[in-house]
Amino acid sequence: MYRSVSRMTSWAGRCGAFTGLATQHASRSCARPVPHYPRCSGVRFSMSSAASTELAQAPAPAFHAYLDFKAIQRDPTSLVENCRRRGASADPERVAALYGQFLELQQAADRVRAERNQNSAQMKAKLGAEERAALVAVGRRLKGELEGLQGRLVSLEAALQVEGQRLPNATHPASPVGGEGAERLLRSVGTPPAFAFPLRDHVELAAHLDLVDFAAGSTVAGPKFYYLKHEAALLEQALVAHALRALVAAGFVPHATPDLVREHVFERCGFQPRAANTQVYSVEGAGLCLAGTAEIPLAGLHMDAVLEEDQLPLRLAGVGHCFRTEAGAAGAAGRGLYRVHQFTKVEAFVLCTPEQSEALHEELLELEVGLFAGLGLHFKVLDMPSGDLGAPAYRKYDVEAWMPGLGRYGEISSASNCTDYQARRLNIRYRPRLEEAVGLGTRRAQGTRFVHTLNATGCAVPRMLVAILENFQQEDGSVVIPPALRPYMMGLEVIRPRKEALREAARAGGP
């Protein structure tokens, strides 16, 4: 499950693998030639005792990421600026320095290994007892020296992986720079509904229509859990079906995903299940976490795989339960269903070539726009700023719907292009298609390349329920069901208070 650090002693410099810190690096071949390091000119490598102690105490990485340390070392300054703009605490200069130390240490080990081989070759000659004893002593010294260097290499590689894995993705040059409030409005779709009566928010409407039991959810599972009842339970299924239908029609393969995922898969996707303010629920002692989004099990589906270019783009749709601690979330902004610990979500996930990812990002956004416009919602599309991007995202679009009962817009969806950030951690590659025919045979493109990954929300049920209840409420407290969802609602067109609903169901002969 977890890669042993001792198995990582030959990865550095192999394949130009990168964190995604520059789009142009993503398109490079990732063939893995045996590394060659220049010899030191007779100078032995030395490391301070403090530095050695620090490396020895460094935590072992949970997995091996194929990071392009050469590129990081070549231009750490721009990466420092990228971290500053994103509010990331990673230290590219430390990564570059560690890589420099790694190369020096590797060169020192190579030199000692060469001396040891030369010493062994000399022992094959006819030697006197005194000469042989001297060479044996040299051999023992070199063996001990090499073992010490190799031990420090293992520790240095571990530190290099840990620090390198903290680096965020690059940021799209068109993404706004800044934090909250710096997002750019790309478009506004629809118009806000006009109401001639006092509005209720979704919590009041849910109580009036007996749709959600927050009290029982809190008693059984704790605060921010809930039961969906009656038409709300049907609406959940209708929203999932509505989203899946659109995604399948667009070529996405539907999946029902696991709710539990191994911890290291979370980390490979760019999430931090062990961080102090983590949003992830962990199963103690099991190495498992509850999925916060179907993106994670969908990303893990092709972990350590090599795909053929003709398979790409690979479009996946996942229906899963999402679990989030919502650490630090409190107040009116999280009232009712808006911010909860568990919910159902439909997720779109794409694996593609680097050349396809930007166009597919726009395609995912258009799918989202079509889904929400088809429900009759008013919403805006935002290009999110650098400070709002999670570590994996190169660029992210958010969709925020008008929620009149809350009196504000609320996020209902996002679409992110993660370039090769996740693929380099999950080790998902593809083999370029045949380039040309040569005589009776064929010639392949050299090596493999990392795929790009993208994700988008097709439907996050609680936020959609908030938007539907508040936008389609009527003066009498009923809620009109959007026409696009009615085929999945067992003939219902309006959600009415319970007594009226029961009378209407009796007239229709329904349940």
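Two strands pair if DSSP finds at least two bridges between them. Strands here are DSSP runs of E of at least two residues, and helices are runs of H or I of at least four, both numbered from the N terminus. On these terms, strand S9 (residues 314-323) and strand S10 run antiparallel and are joined by 10 bridges. Within this pairing, Gly320 stands opposite Lys345 in S10.

The structure is a predicted model, in which local features need pLDDT of at least 70 and side-chain atom pairs count only at pLDDT 80 or more, whereas totals for chains, interfaces and linings use all residues. Residues are numbered from 1 along each chain as its sequence is written, and side-chain values use heavy atoms, with hydrogens and water left out.

The protein has 15 helices and 20 strands. Of its 511 residues, 49% count as buried, where buried means under 20% relative accessible area, exposed over 50%, and partly exposed in between, for a 1.4 Å probe and protein chains only. Among contacts (heavy atoms within 4.5 Å) between residues at least 6 apart in sequence, 76% join residues at least 24 apart.

The pair S9 and S10 belongs to an open sheet of eight strands with mixed pairing, in the order S1-S11-S12-S13-S18-S10-S9-S4. Strand S1 (184-189) and strand S4 (253-256) are the edge strands, each pairing on one side only. From one strand to the next, the twist averages 25°. Strand S18 (residues 452-460) lies between S13 and S10 in the order, and nine of its nine residues are buried. Its pairing with strand S10 (residues 342-352) is antiparallel and extends over eight bridges; there, Leu351 stands opposite Thr453 in S18. Strand S13 (residues 408-417) also runs antiparallel to S18, joined to it by three bridges, and Ser416 stands opposite Asn455.

Helix H12 (residues 357-374) lies across S1, S9, S10, strand S11 (379-383), strand S12 (395-403), S13 and S18. The helix runs at about 5° to S18, with axes taken as lines fitted to C-alpha atoms, for helices over the stretch in contact, and angles running from 0 to 180 degrees between N-to-C directions.

A further open sheet has three strands in the order S8-S14-S17, with mixed pairing. Strands S8 (306-308) and S17 (449-450) stand at its edges with a single partner strand each, so one side of each has no neighbour in the sheet. S8 pairs with strand S14 (residues 429-431) in the parallel sense over three bridges, and Glu308 has Arg431 in S14 as its bridge partner.

In soluble globular proteins, nonpolar side chains tend to be buried together. A nonpolar core is here a set of buried Ala, Val, Leu, Ile, Met, Phe, Trp, Tyr and Cys residues joined through side-chain atoms within 4.5 Å. The largest such core has 62 residues, of which Leu211, Leu239, Phe252, Leu364, Phe379, Met464 and Leu485 touch the most other members. Helix H9 (residues 230-249) supplies the largest share of this core, eight residues. Residues up to four places away in sequence aside, Met464 touches Leu239, Phe372, Leu375, Leu377, Ile412 and Cys459. A second, separate core of 26 residues includes Ala62, Phe102, Leu146 and Leu149.

Two packed helices are described by the angle between their axes and the distance between the axes. For helix H5 (residues 92-122) and helix H6 (residues 129-165), the angle is about 160° and the axes are 9 Å apart. H5 and H6 are therefore roughly antiparallel, a term for angles over 145 degrees. Asn119 lies in helix H5 and is buried, with a relative accessible area of 6%. Beyond its neighbours within four places in sequence, Asn119 is in contact with Leu135, Val138, Gly139 and Leu142. Gly164, in helix H6, is buried at 0% relative accessible area. Its C-alpha atom is separated by 9.0 Å from that of Arg94, 70 residues apart along the chain.

Most residues other than glycine have a negative phi, and most peptide bonds are trans. A cis peptide bond joins Leu312 and Pro313, with omega of about 0°; Pro313 is found in the loop between S8 and S9. Thr419 has a positive phi of about 40° and lies in the loop between S13 and helix H13 (421-426), where Thr419 counts as buried at 4% relative accessibility. Met490 has a positive phi near 55°, in the loop between strand S19 (479-480) and strand S20 (494-495), and is exposed, with a relative accessible area of 58%.

Terms used: Parallel < 35°, antiparallel > 145°, perpendicular 65-115°, else oblique.
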